[in-house]
Amino acid sequence: MTLLLTTTTVTVEAANTPEPHEGTTYTPRATGVAAHVSSPSGRERAGSDGGERIDAVLLCGTTVARNDRVTDAGTGDVYRVAWVQERTGLGLDHTKAGLVRATGAVAA
């Protein structure tokens, strides 16, 4: 897969289905992947308790699945993958994914 513009590298971790009453665990899927993380819509929602939710878009050249965890090496931000779309054609094959980062009491 090829991207024309990369601005960071990311680590992608696959989400493992948790057992009842246990938290989700993650298995490394890929590290040091050239990528671009942006917020084209500029969506950011702040809660009255100081929590926030930020939506972003990931463009990369590796497999990503819904509910995976993506860490931006440049900023250290950790996101959950909300949706994934494989883009193909004209030699510019890549993965486009919607990312969500939530802190505080704002629902992810």
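Two strands pair if DSSP finds at least two bridges between them. Keep that in mind for strand 5 and strand 6. Three bridges join strand 5 to strand 6. The two run antiparallel. Across that pairing, Arg-69 stands opposite Arg-80 in strand 6.

First, the overall picture. This is a predicted model. The chain has 108 residues. There are zero helices and seven strands. From the N terminus on, the order reads β-β-β-β-β-β-β. Buried residues make up 31% of the chain. The accessible surface comes to about 6400 Å². Carbon and sulfur atoms account for 49% of that surface. Now take contacts between residues at least 6 apart in sequence. Of these, 54% join residues at least 24 apart.

A word on confidence. Mean pLDDT for the chain is 81. Of the residues, 75% score at least 70. Among the elements, strand 5 has the highest mean, at 94. Strand 3, residues 44–46, has the lowest, at 59. Where pLDDT is low, predicted coordinates should not be read in detail.

Now the charged pairs. Side chains of opposite charge can pair when their charged atoms come close. How many salt bridges does the structure hold? Three.

Start with Arg-69, as promised. Arg-69 forms a salt bridge with Glu-13. The closest N and O atoms are 2.9 Å apart. This pair links distant parts of the chain. Arg-69 sits in strand 5, residues 69–72. Glu-13 sits in strand 1, residues 8–16. They are 56 residues apart. Are these two partners buried or exposed? Glu-13 has a relative accessible area of 15%, so it counts as buried, the cut-off being under 20%. Arg-69 is partly exposed, at 27% relative accessibility.

Asp-68 is buried, at 2% relative accessibility. Arg-29 is partly exposed, at 37%.

Which parts does the pair tie together? Asp-77 lies in the loop between strand 5 and strand 6, and Arg-101 in strand 7, so the bridge joins parts 24 residues apart in sequence. Strand 6 covers 78–87, and strand 7 covers residues 94–103. Arg-101 is buried, with a relative accessible area of 18%.

Next, the backbone. Stay with strand 5 and strand 6. Their hairpin has five residues between the strands. There, Gly-76 takes a positive phi near 80 degrees. Which residues have a positive phi without being a glycine? His-21 is one of them, with a phi of about 70 degrees. His-21 is in the loop between strand 1 and strand 2. At 86% relative accessibility, His-21 is exposed. Asn-67 has a positive phi too, about 75 degrees. The place of Asn-67 is the loop between strand 4 and strand 5. Asn-67 is partly exposed, at 32% relative accessibility.

Now the inside. In soluble globular proteins, nonpolar side chains tend to be buried together. Here, the largest nonpolar core has 15 residues. Which residues have the most contacts inside it? They are Val-10, Val-37, Leu-58, Val-64, Val-70 and Leu-99. Strands 1, 2, 4, 6 and 7 each give two or more residues to this core. The largest share comes from strand 2, with four residues.

Let me pick out Leu-99. What does Leu-99 touch, not counting residues up to four places away in sequence? The list includes Val-37, Leu-58 and Val-70. It also includes Ile-54, Asp-55, Ala-56 and Val-57. Then come Tyr-79, Arg-80 and Val-81. Recall that Arg-80 is the residue opposite Arg-69.

To wrap up: seven strands and zero helices, three salt bridges, and a largest nonpolar core of 15 residues.

Methods
Residues numbered from 1 in each chain as written. Heavy atoms only, no water. Salt bridge = Lys/Arg side-chain N within 4 Å of Asp/Glu carboxyl O. Buried < 20%, exposed > 50% of the residue type's maximum accessible area, 1.4 Å probe, protein only. Core = buried A, V, L, I, M, F, W, Y, C linked by side-chain atoms within 4.5 Å. Contact = heavy atoms within 4.5 Å. pLDDT = per-residue confidence, 0-100. Areas by Shrake-Rupley, 256 points an atom, 1.4 Å probe, with all protein chains shown as cover.
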